[in-house]
Structures are given as C-alpha cells and as structure tokens.
Amino acid sequence: MPGFVSLVGAGPGDPELLTIKAFRRLQNADLVLYDALVEAEILSIAPAAQRFCVGKRAGHKSVSQPTIEGLLIRGAKTGKQVVRLKCGDPFVLGRGGEEALALQKAGVPFEIIPGLTSATAAPALAGVPVTHRGLSSGFVVISGHAESAYGRILDSITPDSLTIILLMGLASRKTIQSRLIKSGWNCCTHTAIVLAAGTKDQYSWYGRLDNLATANIPHERHLPGTIIIGDVVGLHSKTSNIKSPQLTASAIAFGS
C-alpha cells in the first residue's frame, strides 16, 4: 500500500467530539504524530500505531516545525498510513496549512480532516453562544500569543460589535484588557475564560472585562485556555443547564 498522510483535527478534547472519519483514520493508522494536548483516550483509538508527541508548549523545548514535516514525509514515503493529530481544527491557528504545503511540495498524497475548533467548542461547552440575535451577529477568532499579531486587530474592532474569541491568550490578559478598554469597550462587558474545554479538567470563569487581568483561575500555565469577550457571555447561566452523560472512548460506536 502506498503511504498517505491524514491531517486530522482532534477537536477540543472529548473523544466523542471526533468526527467519524477521524476515528476511522486513527483505527487504521501505522504512525500518529500528535499534539501535546491531545487526550490519552483519543490516542487509545490507535492502539497498533507508533505514537510520537510532537506538540509545542509555551516555555518548553519542542520539536521544530521542519522536523515535524520531515517525519510526515518520511513516514508516508516508507508506505505508512500517517495521522498528524492536531488539537481543534488543523487549519485554525494550528499550522496545518504549513504541513499541507510541505506534503504537496514533496509529492506526498494527503487529506484534510476538519475538527471541531475550540474557538467555538469551548464557548459552547461553557454555555456561551458565540452569536445571538440582538446581541452579536458575528465573532472574530484571534491568536493571543503575540501582541504584534493581535494588537491591530483588537484596535480595529468597533466596541460591542462582535464577540471576541482569543486562543493562546492567557498570558496576555492584562494587555488585551487594557487595549480593549482604551479602544472604547465598556469595562462591564461580559467576559469568560474557559480552561481545558471538553476534558475532565474543564473550568470556567465568568466576570467583567475590567477583571480579566486579575481573574483567579487554576493551573493557568498548564491548561489550554479560551477567552471570550462580549455580551453573549451573559447568557451562560441560561444555556448551560442541560448536562449530557459522559462516555469513554471504548463506548463510542461509529461502526465499521
């Protein structure tokens, strides 16, 4: 069999939120290169595969992007069915585009399997609709990793016009708060932080924009976080009352 690479979105953490196609690719994989935040239950779906963590974490030594791309190419050229398992969606702040371009340049056949991005999943799991008639007709997703990337975008958004969703922005909370208030956002704007969405460690904080920088949240350095800013956050207490049963990966039955 010729080698092949699947760039797969793992979703926010819960194995039940995988797509059927992602589940099947994991079952048939020979090699899985996965992000650091992928849950063990999801990896257990590929018990026969070689599995290597190639994730990047702030403040930690990590595998370089060219090395990851080289591993994908070499794996496929030796005939393996390779899964590049990425948190959320491969094309939402996940370097999936870079990996797809590298595979195309090397002549390696590949596919993209979208995943549920935490940009919308984290708010939903915390009871926050990112759009709601009369409150917000749209939302913007921004990387909060570097001020050079998010600063001009935040400054350009008309106050209270959109829901703002920031990924990888926990360490930048003070700067984000300051820029928005300076740009005219009301200091009382509803705001939320969701940690480890879709996992057993999920934690949500709800408050005001002027309390974002000082919000008391646990394990900030170790859990992935999503910041949500906008009046839709105020709906959380009315839209998060229904709880679904928790199932393990072994209970998932997608069929053959």
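**Entry 1. The parallel sheet and its helices**

I began with helix H1, residues 20-27, which lies across E1, E2, E4 and E5 and runs at about 135 degrees to E5. I note here that the model is a predicted one.

I then looked up helix H3, which packs on the sheet and touches E1, E2 and E4. The direction of H3 makes about 155 degrees with that of E4.

Next I traced the sheet itself. Five strands make up an open sheet with parallel pairing, and I read their order as E3-E2-E4-E1-E5. Strand E3 (50-53) and E5 are the edge strands, each pairing on one side only. From one strand to the next, the twist averages 15 degrees.

Leu31 has Val82 in E4 as its bridge partner.

**Entry 2. Helix H4**

Which residues of helix H4 are buried? In this helix, residues 96-106, I found Gly96, Glu99, Ala100, Ala102 and Leu103 to be buried. Seen down the axis of H4, these buried residues fall within an arc of 160 degrees, so they line one face of the helix. Leu101, Gln104 and Lys105 are exposed on the other side of H4.

I also checked what the buried residues of H4 pack against: strand E1 (4-9), helix H3 (65-77), strand E4 (81-86) and strand E5 (110-113). Just after H4, I noted that Gly107 takes a positive phi of about 75 degrees.

**Entry 3. Gln65**

I turned to Gln65, which is found in helix H3. Is Gln65 buried or exposed? Its relative accessible area is 7%, so Gln65 counts as buried, the limit being under 20%.

The side chain of Gln65 makes a polar contact of 3.0 Å with the side chain of Glu99. Not counting residues up to four places away in sequence, Gln65 touches Lys56, Arg95, Glu98 and Glu99. Glu99 is itself among the buried residues of H4.

**Entry 4. The mixed sheet**

I then followed an open sheet of five strands with mixed pairing, in the order E6-E7-E10-E8-E9. Its edge strands are E6 and E9, each of which pairs on one side only. The twist averages 15 degrees from one strand to the next.

I looked up the pairs of this sheet in turn. E7 and E10 run antiparallel and are joined by four bridges. Leu166 has Ile227 as its bridge partner in E10. Helix H5 (residues 118-125) packs on the sheet and touches E6, E7, E8 and E10. The direction of H5 makes about 110 degrees with that of E7.

E8 pairs with E10 in the antiparallel sense over five bridges, and Leu195 has Gly225 in E10 as its bridge partner. E8 also pairs with strand E9 (residues 203-208), again antiparallel, over six bridges. There, Ala192 stands opposite Tyr206 in E9. I found E8 mostly covered, with five of its six residues buried.

**Entry 5. The nonpolar cores**

How many residues does the largest nonpolar core have? I found 22, and those with the most contacts inside this core are Ile142, Ile164, Ile176, Leu180, Ile193, Ile227 and Ile229. The elements giving two or more residues to the core are strands E6 (139-143), E7 (163-167), E8 (190-195) and E10 (225-229), together with helices H6 (147-156) and H7 (173-182).

**Entry 6. Gly144**

Last, I looked up Gly144, found in the loop between E6 and H6. Gly144 has 0% relative accessibility and therefore counts as buried. Leaving aside neighbours within four places in sequence, I found Gly144 in contact with Tyr150, Leu166, Leu167, Met168, Gly169 and Ser172. Arg173 lies 29 residues from Gly144 along the chain, and the C-alpha atoms of the two are separated by 8.6 Å.

Note on methods. Residues are numbered from 1 along each chain as its sequence is written. This is a predicted model: local features need pLDDT of at least 70, side-chain atom pairs count only at pLDDT 80 or more; totals for chains, interfaces and linings use all residues. Side-chain values use heavy atoms; hydrogens and water are left out. A nonpolar core is a set of buried Ala, Val, Leu, Ile, Met, Phe, Trp, Tyr and Cys residues joined through side-chain atoms within 4.5 Å. Buried means under 20% relative accessible area, exposed over 50%, partly exposed in between (1.4 Å probe, protein chains only). The arc is that of the directions from the helix axis to the C-beta atoms. Contact means heavy atoms within 4.5 Å. A polar contact is a pair of N or O atoms within 3.5 Å; within protein, one must be able to donate a hydrogen and the other to accept it, and residues adjacent in sequence count only if both atoms are side-chain atoms. Two strands pair if DSSP finds at least two bridges between them. Axes are lines fitted to C-alpha atoms, for helices over the stretch in contact, and angles run from 0 to 180 degrees between N-to-C directions.
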